[in-house]
Amino acid sequence: KLVAVNGVSFGTRRGECFGLLGVNGAGKSTLFKMITGEICPTSGYAIVDGSSIMSNRSSALRKFGYCPQTEALCPLMNVQEHLFLFARLRGISFQNIKNVVEWGLRHMGLRNYSKQLPSKLSGGNRRKLQVTLAIIGNPQLICLDEPTTGVDPRARRYVWECISGSSTIDHGVLLTTHSMEESESLCHKLTIMLSGQLVCFGNLQHIKSKFSRGYTINLKMYNLTAEENKKAATEIDDFIASSFNDAVLTSKNFNVVQYQAPIMSSQLGSVFDKLSHGKNKKLFEDFSISQTTLEQVGLWVD
Ligand SMILES: Nc1ncnc2c1ncn2[C@@H]1O[C@H](COP(=O)(O)OP(=O)(O)OP(=O)(O)O)[C@@H](O)[C@H]1O
């Protein structure tokens, strides 16, 4: 009875990395499954480079690589055999296949596991293999559903390089992720999905401006005892309330407090003056001001 995806329509070009963001259960994976033909939509269509996934399925499927959210590995094939099979499926010739398999093993740090079956790999290494299978053979459209979940920082860096490389060499990338850092680094265009619908669409700056609530003020407090810290926090609160209209406390961690204030960029000079004044009065040790991040946009869209 649940309508998981409703009236969604978008397009992405070659050379672009298109990011699909949204909270758990928003419908991202369901949308991916429809685009890749894994499930059938009740209505609508998806076209990859002129081929419809519904009416010209085999032609469309030839054009993309897919890294699903849940693993799709063969339990009886080891890492090397997976790479070999997918390279063959992508039409790599026998002469080149050894190099391509070697490339996959080396770049994803899978060389030491080349003879292992998926059941013997760690979760992160299985993910790396799954991503390599989607990228191998340079398909025209690469669909990656949370590709770097559980992947170590070094391999994640390489996945990012592959994704940005693919999107700059005339390929398209469709990406879902919960990592705002990942979307800020990779995506040319983004959309945020909520309850099966797209709530906004555009480039990073557009989305930030649309959801912007001014600037974020970060204040680093001195290392104090718990009692002193409580007193200092109250003084800081009073200082912020008297210096900035409508500033809101958004988080308080160990010794960093964060406020969101509806500041215009033209007011930044006076904001710096006010905060320097507070620092000179030793209300806090240091401060910084930053623009809205995508992370904050993600927290606000609900
Ligand atoms: N096979 C299914 N049967 C019934 N409901 C399903 C099924 N698969 C997904 N759903 C429901 O569809 C909605 C969208 O799920 P989907 O997996 O597409 O979300 P998502 O945005 O990918 O979430 P996440 O970020 O957690 O991966 C959810 O409410 C989910 O419970």
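Modeller: Strand S4 and strand S5 (residues 141–145) pair in the parallel sense, over four bridges; pairing requires at least two DSSP bridges between two strands. Strands (E, at least two residues) and helices (H or I, at least four) are DSSP runs, numbered from the N terminus. The model is predicted, so local features need pLDDT of at least 70 and side-chain atom pairs pLDDT 80 or more, whereas totals for chains, interfaces and linings use all residues. Residue numbers start from 1 along each chain as its sequence is written.

Within this pair, Phe-64 stands opposite Leu-141 of S5. Both strands belong to an open sheet of six, in the order S4-S5-S6-S1-S7-S8 and with mixed pairing. Its edges are S4 (64–67) and S8 (197–202), each of which pairs on one side only. Neighbouring strands are turned against each other by 15° on average, direction ignored.

Helix H1 packs on this sheet and touches S1 (17–22), S5, S6 (172–176) and S7 (189–194), its direction making about 150° with that of S5. Contact means C-beta atoms, placed from the backbone, within 7 Å; axes are fitted to C-alpha atoms, for helices over the stretch in contact, and angles run from 0 to 180 degrees between N-to-C directions. Helix H8 (residues 204–211) also packs there, touching S7 and S8, at about 115° to the direction of S8.

Thr-30 lies in H1 and is among the residues around the ligand. Leaving aside residues up to four places away in sequence, Thr-30 touches Ala-4 and Val-5.

Conventions
A residue is near a molecule or strand if its C-beta atom, placed from the backbone, lies within 6 Å of it. Two residues are in contact if their C-beta atoms, placed from the backbone, lie within 7 Å.
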